[in-house]
Amino acid sequence: LLSPIFLMTIIAIYLESGRPIYFLQRRSSIKNGKEFFFIKFRSMVTNAEELKTELWKNNETDGALFKMKDDPRTTKVGKFIRKFSIDELPQLFNVLLGDMSLVGPRPLPISDLERVEESEEFWDAVKDRASVRPGMTGLWQVSGRSSIKFREMILLDLYYVENHSLLFDVEILFETIPTVLFGRGAY
């Protein structure tokens with residue numbers, strides 16, 4: 001069902017900025033947790049990770065999150081596919097491989113987790129975040145996406161972990177649809 005979207009996205013990325021089409025990144029639910037390679041459609045220039053170090057002073061959020069509303073690393077195609085979360089579709093392969101679930105806490109880049117200046121007590125308190133598989137979508141994505149700060153995101157994820165059920169997952173999946181269709185909170 002998604003193959004036409006995949007094909008159009010692959011062609012658009014290739015025509016605008018060549019290869020690679022996909023972006024792979026080591027991620028985990030918590031610091032020093034189980035790592036896996038997270039896959040997305042590439043929405044930024046090819047040297048985006050190197051440029052991130054220079055741009056860190058412009059970070060618009062906190063903790064283990066790096067977000068900039070007008071990130072200069074984002075390509076034109078990237079702006080579009082990010083707005084509607086098309087860049088996230090390859091994570092379905094992560095779900096098939098068993099690294100992720102459709103719903104769960106969002107895995108964070110290992111490089112960002114290493115930058116977090118939180119105490120060991122903090123990481124001990126949030127270790128339950130890793131007790132469920134990371135998700136393509138989750139409570140914090142439907143609660144505000146990029147406008148959510150790091151600690152608030154962690155609290156929402158912990159609430160999800162404590163209360164997760166099939167019904168709660170279905171509710172979050174349904175709430176994801178308008179969030180994605182209207183591009184709410186995405187950048």
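1. Does Leu173 count as buried, partly exposed or exposed? In this predicted model, Leu173 counts as partly exposed, since its relative accessibility is 32%, and a residue is called buried under 20% and exposed over 50%. Leu173 has its place in helix α9, which covers residues 166-181. Leaving aside residues up to four places away in sequence, Leu173 touches Leu102, Val103 and Thr137. Leu173 and Ser43 are 130 residues apart in sequence, and their C-alpha atoms are 24 Å apart in space.

2. The overall plan comes next. The protein holds nine helices and five strands, and from the N terminus on its elements follow the order α-β-β-α-α-α-β-β-α-α-β-α-α-α. The radius of gyration is 16 Å, close to the 16 Å that the globule rule gives for 187 residues, so the protein is as compact as a globular protein of that length. Taken along the principal axes, the box filled by the C-alpha atoms is roughly 45 × 40 × 30 Å.

3. Cover and contacts can be read together. Of the 187 residues, 49% are buried, while the protein exposes about 10,400 Å², with carbon and sulfur atoms supplying 60% of that area. Among the contacts with a separation of 6 or more, 72% are between residues 24 or more positions apart.

4. Which strands make up the open sheet, and in what order do they stand? The sheet has three strands in the order β2-β1-β4, and their pairing is antiparallel. Strands β2 and β4 (108-109) are the edge strands, each pairing on one side only. Strand β1 (residues 22-28) is joined to β2 by six bridges, and to β4 by two bridges. To find these pairings in the structure, one can look for Phe23, whose bridge partner in β2 is Lys40, and for Arg27, which stands opposite Pro109 in β4. Although β2 is an edge strand, five of the six residues in β2 (residues 36-41) are buried, and the strand is mostly covered.

5. Some backbone details deserve a careful look. The peptide bond from Arg19 to Pro20 is cis, with omega near 0 degrees, and Pro20 lies in the loop between α1 (3-17) and β1. Two residues other than glycine have a positive phi: for Asn32 the value is near 65 degrees, and for Ser85 it is about 60 degrees. Their surroundings can be set side by side.

6. Charged side chains form the next topic. Side chains of opposite charge can pair when their charged atoms come close. A search of the whole structure finds six salt bridges, and one of them joins Arg26 to Glu35, with the closest N and O atoms 2.8 Å apart. Both partners are partly exposed, Arg26 with a relative accessible area of 38% and Glu35 with 40%. Asp71 and Arg73 also meet in a salt bridge, at 2.6 Å from N to O, and here both residues are buried.

7. What does the salt bridge between Asp87 and Lys40 tie together? The closest N and O atoms of this pair are 3.3 Å apart. Asp87 lies in the loop between α3 and α4 and Lys40 in strand β2, so the pair ties together parts that are 47 residues apart in sequence. Asp87 counts as buried at 2% relative accessibility, and Lys40 is buried too, with a relative accessible area of 10%. Salt bridges that share partners join Lys40, Asp87, Glu88 and Arg106 into one network.

8. A last point concerns a charged residue without such a partner. Asp99, in the loop between α4 and β3 (101-103), is buried yet has no salt bridge. Asp99 does touch Lys34, along with Phe36, Asn94, Arg133 and Pro134, when residues up to four places away in sequence are not counted.

Key. Residues numbered from 1 in each chain as written. Predicted model: local features only at pLDDT ≥ 70, side-chain atom pairs only at ≥ 80, totals over all residues. Heavy atoms only, no water. Buried < 20%, exposed > 50% of the residue type's maximum accessible area, 1.4 Å probe, protein only. Helix = DSSP H or I, 4+ residues; strand = E, 2+ residues; numbered from the N terminus. Pairing = 2+ DSSP bridges. Lys, Arg positive; Asp, Glu negative; His and termini not counted. Salt bridge = Lys/Arg side-chain N within 4 Å of Asp/Glu carboxyl O. Contact = heavy atoms within 4.5 Å. Rg over C-alpha atoms; globule rule 2.2 N^0.38 Å. Areas by Shrake-Rupley, 256 points an atom, 1.4 Å probe, with all protein chains shown as cover.
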